[in-house]
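Subject: Structure for you to look at

Hello,

Here is the structure I said I would pass on. My notes on it follow below.

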Number of protein chains: 4
Amino acid sequence: MSPRPIELRSDNSAGVAPEILAALATANEGSALAYGGDDLTAQLRDIVREVFEHPDADVFPVVSGTAANSLALSALCPPWGSVLCHETAHIFANEGGATSLFSGGAVMHGLPGEHYRLSPAAVQQAFDRTNWGDPHHSQPSVVSVTCPTDFGTVYTTAEVAALAALARTRGLRMHLDGARVANAIVALQCSPAGLTSAAGVDVFSLGATKNGALSTDAIVCFDPAVADQLVYRLKRSGHVASKMRFQSAQLVAYLTDGLWLRLATRANDAMAALADGLRALDVTFLAEPQANMLFARVGEPAAVALADAGLLFYGMGNGVIRFVTSFQTTEADVAEVLTRARSILAP
Amino acid sequence: MSPRPIELRSDNSAGVAPEILAALATANEGSALAYGGDDLTAQLRDIVREVFEHPDADVFPVVSGTAANSLALSALCPPWGSVLCHETAHIFANEGGATSLFSGGAVMHGLPGEHYRLSPAAVQQAFDRTNWGDPHHSQPSVVSVTCPTDFGTVYTTAEVAALAALARTRGLRMHLDGARVANAIVALQCSPAGLTSAAGVDVFSLGATKNGALSTDAIVCFDPAVADQLVYRLKRSGHVASKMRFQSAQLVAYLTDGLWLRLATRANDAMAALADGLRALDVTFLAEPQANMLFARVGEPAAVALADAGLLFYGMGNGVIRFVTSFQTTEADVAEVLTRARSILAP
Amino acid sequence: MSPRPIELRSDNSAGVAPEILAALATANEGSALAYGGDDLTAQLRDIVREVFEHPDADVFPVVSGTAANSLALSALCPPWGSVLCHETAHIFANEGGATSLFSGGAVMHGLPGEHYRLSPAAVQQAFDRTNWGDPHHSQPSVVSVTCPTDFGTVYTTAEVAALAALARTRGLRMHLDGARVANAIVALQCSPAGLTSAAGVDVFSLGATKNGALSTDAIVCFDPAVADQLVYRLKRSGHVASKMRFQSAQLVAYLTDGLWLRLATRANDAMAALADGLRALDVTFLAEPQANMLFARVGEPAAVALADAGLLFYGMGNGVIRFVTSFQTTEADVAEVLTRARSILAP
Amino acid sequence: MSPRPIELRSDNSAGVAPEILAALATANEGSALAYGGDDLTAQLRDIVREVFEHPDADVFPVVSGTAANSLALSALCPPWGSVLCHETAHIFANEGGATSLFSGGAVMHGLPGEHYRLSPAAVQQAFDRTNWGDPHHSQPSVVSVTCPTDFGTVYTTAEVAALAALARTRGLRMHLDGARVANAIVALQCSPAGLTSAAGVDVFSLGATKNGALSTDAIVCFDPAVADQLVYRLKRSGHVASKMRFQSAQLVAYLTDGLWLRLATRANDAMAALADGLRALDVTFLAEPQANMLFARVGEPAAVALADAGLLFYGMGNGVIRFVTSFQTTEADVAEVLTRARSILAP
């Protein structure tokens, strides 16, 4: 009999939080205006303004993080612009050119940086190498940070603020890919505004799908001029759901009474326990896991054995494997993972 | 006390069918591979092949009808091509240039036609006026029909087949905007294949949202080369939901055991009853309502009075109002609408 | 022996004016900075400001009228916008979707209008039918007039100014396709500014190729913010010639001492003589020829006979033929055309 | 009195070869069909087929190298594709995102490589890192080499052929940016076909402007299916000159009786003499100058002194300066440059 599989491939493999499903059922009573003219969408806007502490904040539900990132960036970056980001950023490496499509040909500029984080020095160097105003060269127009990064590290609020301030020195806008932003906020123990509006972020992707929503993320925008564009950009890219109230209902529930942060806390706590346990087995990591992702160097034979033992994860090549926890990962899951890992890594 | 509002604005204002909500709850058990690598998505593909009777059919869930139409068309039409459609077609008049965006600048060519339907004569005339091969002129590349039309009329399967055959004479592809395709199939009492694969349609938009799904429509594609493109086109436009199984689960439930046709039958039957009742009041219509939409000439004063009486509908200007029924419209709703209408239109 | 062919197909079939060729030879002395950093390009800017009486005018040489129109429009119209123009406008009917390409999917909206001219009433009607601010619908963003039109009629300066004023009422920009603008200015006996900057035009295409230049037209722009965009839009579309001085030299010669107007006068005068002669033969025209184009109803048999008689022209179908004169059309040419026409039309 | 300036900034600063100007004057006799329907354009096609030894070759004159590259690449690379090139390639670093614009969002992937040349190893590594068929990732679709490179080095014909063969192993197309291809052919002493059609190149940019033409380069295409696309892509990007015969006349003269190679020989010989002279002064170079470009390490003080001495060149920073010779650079120029350089570098 094969062992019970334990899900650590991705928080995208997790399901929908019961609170979110309940909100959908509630929203299903009665009828409502389509295309966001409903009460729940209005309520969502109010909550976003409150939670992210910005009177002009606007919010646009979308079906994916790629949509959130690329549409937001297309409203921040002219066709002849470039987006500066870390060379491991999802927008650079994993979105199939979405931002180039939506922006009319803008380019992504991947920069190196320790701990998978963009550094002010790298941005400054990119600035220094730019022929500003020379149309032979794409003009840096946006700085984008991913927090947590795709490798599970987290920028401090001060680091984000410093990058935003640096961006401003040359007139660039600041974008944050927050596919897992709840996990970052929990990790940093900061306020939601602290990592976003107060840090100088203009627009960010508010991930919810990976943290318990049903295919619903959102763009949150602190600049009304950008929001005005997004109204059109979303519609003409097919990203306005006619029954928007079902997206809004989820996001309202998600942001109300801290549900999103409680869900993220579960994922982060599970990861912390998993990391502690692996460290005790002398496993080393590509980076210190600060949120809910961990990249462990176990070697290929152990990777195979762990998979055979029923652990579900992604291999990154060269004996490195990726574990991702979610709001559904239980303490029992972690304990069982560590038991199986121990038998393989420290028999 | 104001009268109970009765929803006739749009089938987009309706909610989610209980069977669909139940399918979501079921799909929420366990975890699954993201991005369509799950069992439910595989199952969906099988069902689509069976229901639409085509061994190579493929299916791509998306969040909106605009996404379904514009992405499908971008895979059928080169950047220098044009899409021939009726001048009232949603793709021409209501999608904010989505197809132009996704295709890299293709143009929509709206043609006149009685009963809001594209005629072979209009298409032939467009062909005759084309300078084929002359790059000064966008080259007709796709014929697109909307069935039911945005004005509630329906093409017969023979009419669709005739247009598809005509399209083939000049190498054009055939697209069907099926935002309400279930209502058409019910109205025509044809098989699902009869209006699509067997009629020579290459790709169609399978609407589900207006008929009881939760922000889930789909592209159904009978040409593997087009499907190969769509894999990329959907991802890079942000239209691949990571938790795709929740879309697939809905569509599986929708297409299984004829649920979609039962839901559409309710809407169509409600509309038939409503139309009969209005006719008895000597109300005339822009077109004979063949599915679940009706455009009634009532005059502006009556339109105001009907709204005051609690009927929810859209005014089209010049005293014409639009009624749309959905799977949630009950016999009691129709009876009540007619009672109120009678008191205003035939007091 | 076949008769001497006489060129009336298009002013594009004409050659290069000797004054322009001489300017090229002069510009070929010495070397110069590339990409517009040369003295001749600076001189061109000064001349444009003087001739079109606008202190902020800027000028961008390009290789074709399609480039001039579509790049200018892409800087005036957002991706979700539409350009209102006459349904016979070159930008709508003959540029293969160029503006849609460069603007990221904007749409052209062709409107009817007598004498091939856009009327304020048609524009107002388009405004009235627009759902302003509704992203389902492309938002009218530019009014574009072609002067002379593609059918040889000319707007008065007051008509252009009225359209520009109407455009302003809804925040639209005003564009003029001036592929043959010199012919219009000569026909109107107005100042160059009178038809452009003083009439409220924001950007226009300054055609020169059809009137004696060597594949050189230009965008003239009265709005520095638009010019800032064009710097990038031209470069990234490959429309910045490295040896720009050879384009600038032509345009400097063209605009200096009225050469452009003298060349256009020749074409217009030739057309006036031709039209008089044809009228004397009872030939009727699609429209009164006001510049250098004429569409004559001669019937198909006469069209064939005229072609056999060595006249080079385009058939438009239904027995209508197009004659275009150029700066190279001589009085002798016109006399000979009329002689041959007389023998066929009034034997 | 300041010293006579000597032009070494760029071959773009040079003028038009007298033979080319003469060809323009000849082409100016008579009238001709517009848009490439003329005899000279037909003649050009024949010459291209002969010179590049390919029966299906087609040729499209354009106004700039950026146009030639980006339009060609847009016909070779799908919107979701990527172009592999050296990280110093003009298409990657100096065209302002032109290919992304024309392709609908394709991305350029700059790879490292010694001597500014793309190596098979770098391409193979890029292949190995690609998730083929995964739409999260842009799919490598074209390999593009620049020959000579932007740093004056040259690929051998065997190196180009090896890269083309490698590209074919994964179905990629092969593109060559030949902005200075005549200089490469002269340097390699190969046949024109040897570096292009016979080496497995599908499409290349035939630079002529830098080597004596008047703002005229061309796309040469060995694949009829690609040529079919280019007909539309050029027109709708405004890159079809109505008076195309004046571009074709230049290119006919250029390719006839080896004029292009004689002009390039002058530039290369001048560079060889210049390099020899500088080497004798112990100046070192970033790379061995194999064509008509040289990057010399002279230090900032000497760079300033050389500029003060009347030499026109570009500073690259860090005391490196770029010299470019052209067909107009004379032996006397080189001697004079070396005399001045000697007085500064070896006083």
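The crossing of H12(C) and H14(C) is right-handed. This is a predicted model, and the remarks below should be read with that in mind. Helix H12 of chain C covers residues 259-280 and helix H14 of chain C covers residues 331-345; they pack with their axes 10 Å apart, at an angle of about 20 degrees. Since angles under 35 degrees count as roughly parallel, H12(C) and H14(C) are therefore roughly parallel to each other.

On the H12(C) side, the contact is made by Ala270(C), Ala273(C), Leu274(C), Gly277(C) and Leu278(C). H14(C) contributes Val334(C), Val337(C), Leu338(C) and Ala341(C). By class, the residues of this contact between H12(C) and H14(C) are eight nonpolar, one polar and no charged.

Next, the arrangement of the chains. How is chain D laid on chain C? A turn of 180 degrees with a shift of 0.0 Å along the axis does it, at an RMSD of 0.0 Å. That is the relation of a two-fold axis. Within chain D, Val63(D) has the C-alpha nearest the axis, 3.4 Å from it. The same surface serves both copies, in that 100% of the contact residues of chain D recur in chain C.

Last, chains A and D. Their contact takes 16 residues from chain A and 16 residues from chain D. The side of chain A that touches chain D consists of six nonpolar, nine polar and one charged residues.

Regards

Conventions: Residues numbered from 1 in each chain as written. Chains lettered and ligands numbered in written order. Predicted model: local features only at pLDDT ≥ 70, side-chain atom pairs only at ≥ 80, totals over all residues. Least-squares fit on C-alpha atoms with pLDDT ≥ 70 in both. Contact = placed C-beta atoms within 7 Å. Nonpolar A, V, L, I, M, F, W, Y, C, P; charged D, E, K, R; others polar. Axes fitted to C-alpha atoms, helices over the stretch in contact; angles between N-to-C directions. Helix = DSSP H or I, 4+ residues; strand = E, 2+ residues; numbered from the N terminus. Parallel < 35°, antiparallel > 145°, perpendicular 65-115°, else oblique. Left-handed = near helix turned anticlockwise from the far one by under 90°.
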